[in-house]
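This report covers charged pairs, strand pairing and a few local backbone features. The sequence and structure come first, and the description follows.

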Amino acid sequence: MEHVLPPLENSVTGLYRSVLTHLRYSLGKQPDEVSARDLYRAVSYSARDRLLDRMSETLARYRKNDAKRLYYLSMEFLIGRSLVKNLAALKLDGATGEVLRMFGRKMEEILEEESDSALGNGGLGRLAACYLDSLATLSMPGFGYGIHYDYGLFKQEINNGYQRERPDSWIDGADALHVERSDLAVVVPLYGRIEHAEDRWGQYNPMWMDWKLVVGVPYDIPMAGWGGRSVNYLRLYVARPSTDFDMKIFNQGDYFRAVEQKIDSEKISKILYPADTVSAGRELRLTQEYFLVACAVRDIIRNYLADHQGFDEFPDKVAIQLNDTHPSLAIAELMRVLVDEYWLEWDEAWGITSKTVAYTNHTLLPEALEKWPVALLERVLPRHLQIIYEINRRFLDRVIEVWPGDFDRMGRMSLIEEGPEKMARMANLSIVGSHRVNGVSALHSDLVKSDLVPDFYAMWPEKFTNVTNGITPRRWLSRSNPGLCALVAEHLGPGFVTDLERLRALEPLAEDPAFGEKYLAVRRENKERLSRIIFENAMISVDPDSIFDMQAKRIHEYKRQLLNVLSIMAEYILIADDGVEPPAPKTAIFAGKAAPGYQTAKDMIKLIHSVADVVNRDKRTKGLLKVAFLPDYRVTLAEKMVCAADLSQQISTAGYEASGTGNMKFALNGAVTIGTLDGANIEIAREVGEENVLIFGLTAPEIARLTKEGSYRPAALYQKDTLIRRVLDALRDGRFSPSEPGLFAWVVPYLLSERDRYFHLADFTSYMAARKKAGEDFTDRLLWAKKGILNTARMGFFSSDRAIREYAEKIWKIESVPG
């Protein structure tokens, strides 16, 4: 008997019936007693019904075609709000608005009930989310694998200018689209010991014994492509104990010990990125990373074996992408499963593993390349440490063959770093165990090869490639800037959100004054909305006719929020002391979170607030300069910022930013980039035209030369440049912290030290000139409109659709399977 349900209707009537059904039978509510939260859940369940139908059809299509599948492993997926994205993808947003009006509610009111799924820290997790959107839109069989954290990235509150972190319990407001798949739960072993034994043929056969078991229960979040033709999934795992608690111990009266195992197991998926400054935090973080890859590898193999015999075809049917080094243990885990559980010979298992796995590097900072103490690995994952040592032994044999007697090179390339505390180098493991290694911008990929891992590039030049990051225009144009989308659609039609290169057709309109005025009118409306948000959240009144100058990103020294603040201080001093008015009034807007254990970044947030307090209170700056910090930066806030920016601050030290995606989001919405020749800024300048960006500062080769020679002399710059001296003296004298004069005294020696590897003062003068040029250009409305229009028109290259096509062709070898 064939079991077939009638298709769900997407009409207003059909959707209304679904919402009523879920109100009554899923929530137990009558229509006349429903709250906004009830309606949010009923609408979410109704959307989920339709998503699951499409997902079932999509998976059946992939299976029928025996399509190769991509599995994207990442510790972060910063997906933001899912309901609005999926309603738009399914073309249900209009019908949903009509249904909600029947209940006397507005669409935006209901959408506000959903929490941001803050399962990421910044660009890494947001990139992963963009890629899942593009995979589904392109009907490519690609699936995300991560952890279903109970608490995502912390909620940021500002108290007297200081960051305070609060737990972000996001699930209650965002889980209505999630589907528990307890039938697909997997068992994950941890700890234990190795018993050294031989098999019946006398071969060494290590046995991993006495492990502790944790169960990984998957939750699927449907990921709809634009138009709803294909729906993939993001599979997130929750950690649960193999048994709820030991009943024998419980019956003996030791209730706390009885539930200890349950609590200990569940903490694995409790929080995103536990602090690793203490040993318990490091152990938990390692456990999290292994939990993710163990669950993923087990599920991947199960999916593969459902339709295939043996592992000969595995690399032809499976691609595994490591999003940075966090999932690098997937290499050791896949080897363990193939060798220990399926009895493959080492060479055969290694051939399969190394043809299946690929690795994306996201950092040029050597200290950010993950390393784990060998002693910790031996305690938590003893079998995996054995496998890593064996991979290393065979690899170093090959290194010595290529470079006989070069023991220094062998030491640099080894997976094990020798020293007082032996460390396992996860980036080296990722490179050795992958068939492709890619950077995320042209400059970054070049620096990976020349500076970060030149020995590996010399050994395997064919492994290394570049795929410049991209962003999804569905989230970062269609959702964030509906006014601009409507204006563009008047001239291009609606299809540009799936073919961003079509925006090139806007170029002639950059010379049209009437279109320029319409373009600026859309921006003005977005700035008015953001002005209200700033007042509501920071109690600062700003002028939407001023330049909205934004730096919104994770707070970090290399991203140089400090350079921005120094320049604001300089502009303030010129206004207040010298009477020099800027070319145009400016509102400097900051947003971003500092890692809880990163004190310098947290001090930076306090500095921004203290400068804002001084600048905003001074009557001499009225109508000329304002400073605001928006707390709790997240996807939903970013959507409202990128569309309102006039100037986009992308000012990292050249050679430090791998790519950036915030720069792309702002530029796509027409903001002019002021930045260094770093990361994707270089490619943005190439695409939109150097006349439509403001580039300043030292280049990556110049930074490298200064670093190598040790010839950076910031104290000489202090003596030579009067404005630098006035700013630093004001900081030292407590001008920007009048109630606490010594609060920022640390900044001056920090900047004057030759160990300032971010070269703040070296770029100060050229940065000030670029800021002044931005103000001058802003005063010419049509020129500013032209620059904005050309930025929007020429950003097609930075679509995540283009990036996914490159990954599919260069690395994954997967194809579109359209419905």
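## Salt bridges and their surroundings

Aspartate 183 has a relative accessible area of 56% and is therefore exposed. The model is a predicted one. The partner of aspartate 183 in a salt bridge is arginine 181, with 3.6 Å from N to O. Arginine 181 has a relative accessible area of 25%, so this residue is partly exposed. Both residues belong to a network of salt bridges that also links Asp220, Arg235, Asp299 and Arg302.

Side chains of opposite charge can pair when their charged atoms come close. The structure holds 74 salt bridges. Among them is the pair of aspartate 66 and lysine 317, whose closest N and O atoms are 3.2 Å apart. This pair links distant parts of the chain, 251 residues apart: aspartate 66 sits in the loop between helix H2 (36-64) and strand E1 (69-73), and lysine 317 sits in helix H10 (residues 314-317). Is lysine 317 buried or exposed? Lysine 317 is buried, because its relative accessible area is 17% and the limit for buried is under 20%. Aspartate 66, with a relative accessible area of 30%, is partly exposed.

Another salt bridge is formed by glutamate 165 and lysine 602, with the closest N and O atoms 3.0 Å apart. Glutamate 165 is in strand E6 (residues 162-166) and lysine 602 in helix H23 (residues 599-617), so this contact ties together parts that are 437 residues apart in sequence. Glutamate 165 is partly exposed at a relative accessible area of 30%, whereas lysine 602 counts as buried at 15% relative accessibility.

| Salt bridge | N to O distance |
|---|---|
| Aspartate 66 and lysine 317 | 3.2 Å |
| Glutamate 165 and lysine 602 | 3.0 Å |
| Arginine 181 and aspartate 183 | 3.6 Å |

## A negative patch

Which residues form the negative surface patch? The patch is made of Asp312, Glu313, Asp316, Glu345 and Glu348. Of these residues, glutamate 348 is placed in helix H12 (residues 346-356). Glutamate 348 counts as partly exposed because its relative accessibility is 39%.

Lysine 91 is not a glycine, yet its phi is positive, at about 60 degrees. The residue lies in the loop between helix H3 (83-89) and helix H4 (93-102). With 48% relative accessibility, lysine 91 counts as partly exposed.

Aspartate 324 is likewise not a glycine and has a positive phi of about 75 degrees. Its position is in the loop between strand E13 (318-323) and helix H11 (329-341). Aspartate 324 counts as buried, because its relative accessibility is 11%.

## Strand pairing

An open sheet of six strands has the order E22-E21-E20-E23-E24-E25, with parallel pairing. Strand E22 (625-630) and strand E25 (694-695) are the edge strands, and each pairs on one side only. Within this sheet, strand E20 (residues 547-552) and strand E21 (residues 586-591) run parallel and are joined by six bridges. Alanine 552 has alanine 591 in E21 as its bridge partner.

An open sheet of three strands has antiparallel pairing and the order E15-E17-E16. Why is one side of strand E15 (371-373) and of strand E16 (416-417) left without a neighbour in the sheet? Both stand at the edges, and each has a single partner strand, so one side of each is without a neighbour there. E15 and strand E17 (residues 423-425) run antiparallel and are joined by three bridges.

Methods: Residues numbered from 1 in each chain as written. Predicted model: local features only at pLDDT ≥ 70, side-chain atom pairs only at ≥ 80, totals over all residues. Heavy atoms only, no water. Patch = residues over 30% accessible without salt bridge, like charges linked within 9 Å, V, L, I, M, F, W, Y side chains within 5 Å. Areas by Shrake-Rupley, 256 points an atom, 1.4 Å probe, with all protein chains shown as cover. Salt bridge = Lys/Arg side-chain N within 4 Å of Asp/Glu carboxyl O. Lys, Arg positive; Asp, Glu negative; His and termini not counted. Charge placed at Lys NZ, Arg CZ, Asp CG, Glu CD. Helix = DSSP H or I, 4+ residues; strand = E, 2+ residues; numbered from the N terminus. Buried < 20%, exposed > 50% of the residue type's maximum accessible area, 1.4 Å probe, protein only. Pairing = 2+ DSSP bridges.
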